[in-house]
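Please look over the structure shown below.

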Amino acid sequence: MSIELFLLIGSILLFISLLVGKTGSRFGVPTLLLFLFIGMLAGSEGLGIEFDSPEVAQAIGVVALNIILFSGGLDTRYAEVRPVMAKGLLLATVGVLLMAAVTGLFIYWLTNSLVHTLSFTLVESFLLASVMSSTDSASVFGILRSRNMSLKENLRPLLELESGSNDPMAYMLTIVLIQFAQTPEISGWEVALKFQQQFVLGAVAGWFVGKYSVKLINRINLANDALYSVLLLTVMFFIFGFAAFIGGNGYLAVYIGGLMIGNQRFVQKRSSLKFFDGLTWLFQIIMFLALGLLVNPSELWPVAGISVAIALFMMLVSRPVSVFACLAPFRRMSFNSRIFTSWVGLRGAVPIIFATYPWVDGVPHAKMIFNIVFVITVLSLVIQGTSIPAVAKWLHLSLPAKETHKLKEFDIEFSDEIKSAMTEIMIESSMLANGDTLIDISLPDKALVVMVKRGENYFVPRGNTHLEPGDSILIITDNEETIKETYLRLGVGDKKGS
């Protein structure tokens, strides 16, 4: 395939993904699941696009996972995760180990007692379980943030912290079990030391580089402001590569590095965060499309039965067991919150990416493991992903979504450090009943009109500025409560003007 044709087909698939994702989100279907299906439809057994390289898919996944974890760290506030830090870290480490252990024993029993068409060894059973042992950060972030979900008991930061930090444990389990499958004589002490080394060095690399890279960003004084986003991307790749070079876990380092950087002030911070938001979505789409292209639908049917059994066991048994065990010390956490945390054990692209490692390394039954993981991921996104808002409501854990005031006519945003709020309102004739000057408009004392748009022209108003129906005004206030009062006084009601 020529590069021109490749770019043409790639752009069409991306555009279709964006349209389908926008439509699917309205009906509660996880957007990432639709990207997988588009890849499958475009593949060799669909439209005929040939893609059979797990190595390329793995490389795409590594880059995408770096960006997803780093972006997740950048968007996470210390104040939000501090109250749930202990819970999140337990779920991300001990929870993953328990999940892999319980699921692995079930897979071994299932394939050696009930299923006669397939038989996994104990090591292969634990390998399959380890690949699927972490919750997927792309799926959790995508579903919780795209639906702007607000949850009681700090559940949202807990779930995001867990999904953002538990991939390293699953990755290390996967790599160690691949080594066991290929060289059974490896000792348990070697494994334990490897785990310790990966965690400690990964955490130190992420903390150190993340902390001191902000000083570099603030002092380097680049001529073009757009290059600061590129510099931040460079820092991200350096953190991953440096951590791996010194023997640490790169994924853990990238997440901690993003957390360190995102909670400090640096030049062009808001534009850089927006850059990473867009980049995250782009690579999520590319990653899910590539994984969808890699799978052959006809190969999924022979493993459908065992995949359904494992998926249901994970949803109803091993995930709840691991969650309840890890959260047992936290007595103030309600039973409903534990149930909900158990249910948000979403599988996604990460398990599928990890499933390419045994495939690339030539582990026995590796392709079958990949297909099983793919089916389980689809089932998880369909069953759990679509039901998360309903389950939260059923367990009485959902809160009213926070109001967002998106500006359409004024391309202006505040820094996170500025606590003021702003909105825009279109002037209607009813608002001018007491006079058509700005001073005649009934606004709260703490609301200030800073700009007016009339047609294609923008100008700063004064008290005697005449307003006309159809004008858009930009209002800055101290807080959201003042915005609500402004709406009430102007009779905006449910239209929200912004």
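This is a predicted model: local features need pLDDT of at least 70, side-chain atom pairs count only at pLDDT 80 or more; totals for chains, interfaces and linings use all residues.

**Aromatic pairs**

The count for this structure comes to 14 aromatic pairs. One of them is formed by Tyr251 and Phe354, with 6.4 Å from centre to centre and 55° between the planes, and it is tilted. Tyr251 belongs to helix α12 (residues 250-262) and Phe354 to helix α16 (residues 349-360), so this pair ties together parts that are 103 residues apart in sequence. Tyr251 and Phe354 are both buried.

Why is the pair of Trp359 and Phe370 tilted? The planes of the two rings stand at 55°, with the centres 5.0 Å apart, so the pair counts as tilted. An angle under 30 degrees would count as stacked, and one over 60 as edge-to-face. Trp359 sits in helix α16 and Phe370 in helix α17 (residues 366-394), eleven residues apart, and the pair links these distant parts of the chain. Both Trp359 and Phe370 are buried.

The two pairs are set out below.

| Pair | Centre to centre | Angle between planes | Class |
|---|---|---|---|
| Tyr251 and Phe354 | 6.4 Å | 55° | tilted |
| Trp359 and Phe370 | 5.0 Å | 55° | tilted |

Tyr251 and Phe354 also belong to one aromatic cluster, together with Tyr171, Phe240 and Tyr357.

**Strand β6**

Is strand β6 mostly covered or mostly uncovered? Strand β6 (residues 472-477) is mostly covered, since five of its six residues are buried.

Two strands that pair with β6 are described here. Strand β3 (residues 421-426) pairs with β6 in the antiparallel sense, over six bridges. Ile425 has Ile473 in β6 as its bridge partner. Strand β4 (residues 448-454) also runs antiparallel to β6, and five bridges join them. Here Met451 has Leu474 in β6 as its bridge partner.

**The second largest pocket**

The second largest pocket has a volume of about 440 Å³. It is lined by 17 residues, and those closest to its centre are Phe6, Gly10, Leu13, Ile286 and Leu293. Which helices each supply at least two residues of this lining? They are α1 (3-26), α3 (54-75) and α13 (269-294). Helix α1 gives the largest share, seven residues. By class, the lining of this pocket has 14 nonpolar, two polar and one charged residues.

**The second largest cavity**

How many cavities of 30 Å³ or more does a search of the whole structure find? The search finds four. The second largest cavity has a volume of about 60 Å³. Among the residues that line this cavity are Leu91, Gly95, Val96 and Met99. Ser133, Ser134 and Thr135 are also part of the lining, as are Glu162 and Asn166. Arg319, Ser322 and Arg347 line the cavity too.

Helices α5 (85-114) and α14 (304-327) each supply at least two residues of this lining. Helix α5 gives the most, with four residues. The lining of the second largest cavity divides into three nonpolar, six polar and three charged residues, while the lining of the second largest pocket has 14 nonpolar, two polar and one charged.

Technical notes: Residues are numbered from 1 along each chain as its sequence is written. Side-chain values use heavy atoms; hydrogens and water are left out. Rings of Phe, Tyr and Trp (its six-membered ring) pair if their centres lie within 6.5 Å; planes under 30 degrees apart count as stacked, over 60 as edge-to-face and the rest as tilted. Buried means under 20% relative accessible area, exposed over 50%, partly exposed in between (1.4 Å probe, protein chains only). Two strands pair if DSSP finds at least two bridges between them. On a 1 Å grid over the protein atoms alone, a cavity is a set of points where a 1.4 Å probe fits but cannot get out, and a pocket is an open set with protein on both sides within 12 Å along at least five of seven lines; lining residues have an atom within 4 Å of a point. Grid points are joined across faces, edges and corners, and a volume is the space filled by probe spheres set on the points. Ala, Val, Leu, Ile, Met, Phe, Trp, Tyr, Cys and Pro count as nonpolar, Asp, Glu, Lys and Arg as charged, and the others, Gly among them, as polar.
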